[in-house]
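Please read the points below with the sequence and the coordinates open beside you.

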Amino acid sequence: QYTHITMDGGKVGWGPKWQHVPMAPVDPILGVAVAYTADPSPAKINLGIGAYRDASGKPIVLKCIKEAEKKIANDPSMNKEYLPVQGLEPFLKVTSQVIFGKQSKALAERRVAVVQSLSGTGALRIAAEFISVYAPGKPCVYISDPSWGNHHTIFRKAGLKTVTYRYLTPQMGLDIEGMLQDLAGAPLGSVFVLHTVAHNPTGVDPTPDQWKRIADVCEKKRAVIIFDTAYQGYATGDLDKDAYAVRYFSDERGLELMVTQSYSKNFGLYGERIGALNVACADEETAGKVRSQLNGIIRPMYSNPQLHGARLVAGVLGDDSLRNMWQQELTDMSQRIVDMRSALVNALNRIGCPPPNAKFTSWNHITSQIGMFAFTGLAPQHCDALKAKHHIYCTRNGRFSMAGVNPSNVEYIAQAIKDCIQGSRL
């Protein structure tokens, strides 16, 4: 049997060490992928995971990435040495330009502290740790309701309290008045988490005029502003258009802000985990001090970031031919998502599928949203029935990854939706 020797030489019984550890709950998003993989049905469809698929339902590697990999493989000067704590310098230079723009005042004045991260999730975690240590009084973090499921956990793991602000109307429009009211009621110095473009999970974004009103509240509340950027270029196919909010806040309003970046979606580098955290500060001296402390957070967390994916992104962005190729591929991917939104709504209308509930008069909210996801309005019981009866997998809040919809399955998905809605009303 197991025993434990005490300081005075006595013995006490002691069983296995970790049997008291409870089972962790299944992640609501990753759990969908696990259930999908376990389903033997040939008709199964995965509308849960946020990863691009082509018109035949297959994952792709972008052509620009393949070309960049060839250049790396054929370059005899390349090695696999450790990166500096902050990351690959050519990557750091171009990543800030992608989001702030080449004409950015903040970049010209050298007051943006930037570090490479483990994609967008890692960037948020670094930001959360920095705020927890250096923001006065451990401010409360305001997150939209709904939002990406991991947002609350990331900030809470850093010892910060999170609350929600209103975001969506029952008809799937932006509740701008509720949002502004909730943010205006926040204590001074609170943290406001904003989605740069293609809000996850709703696909509902503020208009330029609404962004100006949001900026007014941020400035008045002296908020710590975090723009979470997962879909730049992927949302509309236009990198500059998708960066509007960040550039307005930074250049036109002169606000200090944090911007996280992920290159998972727009480069298809899901497994490479490439991203960045940018902190636009008041001046160059402050930016230098902030970057030193970001490095101090990274060093004991994971020491230094990954190399290959950073080389790929820097290689594409630093080569005019490859960058043009990438921008065309972004346009193609975003247009396919737009086409599938229209195809799904047309299929639902063709078969006379009723809206998800009495709050809706049509399915047009699907085509008014942008980005990877459609927030359908389906209830949890509808989503459960889609899985149980039709082998269609999505999160229980009714979020569809539109990348999983293609010409060969869109009619089947529409018929399944109709069956589940009508079945729930019997």
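1. A residue is called buried here when its relative accessible area is under 20%, exposed when it is over 50%, and partly exposed in between, with a 1.4 Å probe and protein chains only. C394, at 8% relative accessibility, therefore counts as buried. The model is a predicted one, in which local features need pLDDT of at least 70 and side-chain atom pairs count only at pLDDT 80 or more, while totals for chains, interfaces and linings use all residues. Residues are numbered from 1 along each chain as its sequence is written, and side-chain values use heavy atoms, with hydrogens and water left out.

2. Helices (H or I, at least four residues) and strands (E, at least two) are DSSP runs, numbered from the N terminus. In these terms C394 lies in the loop between strand 12 (392-393) and strand 13 (399-401). Contact means heavy atoms within 4.5 Å, and, once neighbours within four places in sequence are left aside, C394 is in contact with V32, L47, G48, C383, L386, R399 and F400.

3. Two strands are taken to pair if DSSP finds at least two bridges between them. On that basis there is an open sheet of seven strands with mixed pairing, in the order 4-10-9-8-7-5-6. Strand 4 (112-118) and strand 6 (162-166) stand at the edges with a single partner strand each, so one side of each is left without a neighbour in the sheet. Axes are lines fitted to C-alpha atoms, for helices over the stretch in contact, and angles run from 0 to 180 degrees between N-to-C directions; with direction ignored, neighbouring strands of this sheet are turned by 25 degrees against each other on average.

4. Helix 8 (residues 208-220) lies across strand 7 (191-195) and strand 8 (224-229), and runs at about 165 degrees to strand 7.

5. Which residues of strand 10 point one way, and which the other? I274, A276, N278 and A280 point one way, G275, L277 and V279 point the other way, and all are buried. Strand 10 pairs with strand 4 in the antiparallel sense over seven bridges, with A280 as the bridge partner of V112. Strand 10 also runs antiparallel to strand 9, to which six bridges join it, and there G275 is the bridge partner of S262.

6. Rolling a probe the size of a water molecule over the atoms shows where empty space is left. On a 1 Å grid over the protein atoms alone, a pocket is an open set of points with protein on both sides within 12 Å along at least five of seven lines, a cavity is a set of points where a 1.4 Å probe fits but cannot get out, and lining residues have an atom within 4 Å of a point. Grid points are joined across faces, edges and corners, and a volume is the space filled by probe spheres set on the points.

7. The largest pocket holds about 690 Å³ of space. It is lined by 30 residues, of which I29, T121, W148, N150 and K265 are the closest to its centre. Helix 5 (119-134), helix 6 (150-157) and helix 11 (264-267) are the elements that give two or more residues to this lining.

8. The second largest pocket holds about 520 Å³, and among its 23 lining residues the closest to the centre are R222, A223, V224, I225 and E256. The largest share of this lining, three residues, comes from helix 5.

9. There are two cavities of 30 Å³ or more. The largest cavity, with a volume of about 40 Å³, is lined by V98, T229, Q232, Q261, S262, Y263 and N266. The second largest cavity, of about 30 Å³, is lined by Y165, Y167, M179, L194, H195, P206 and W211.
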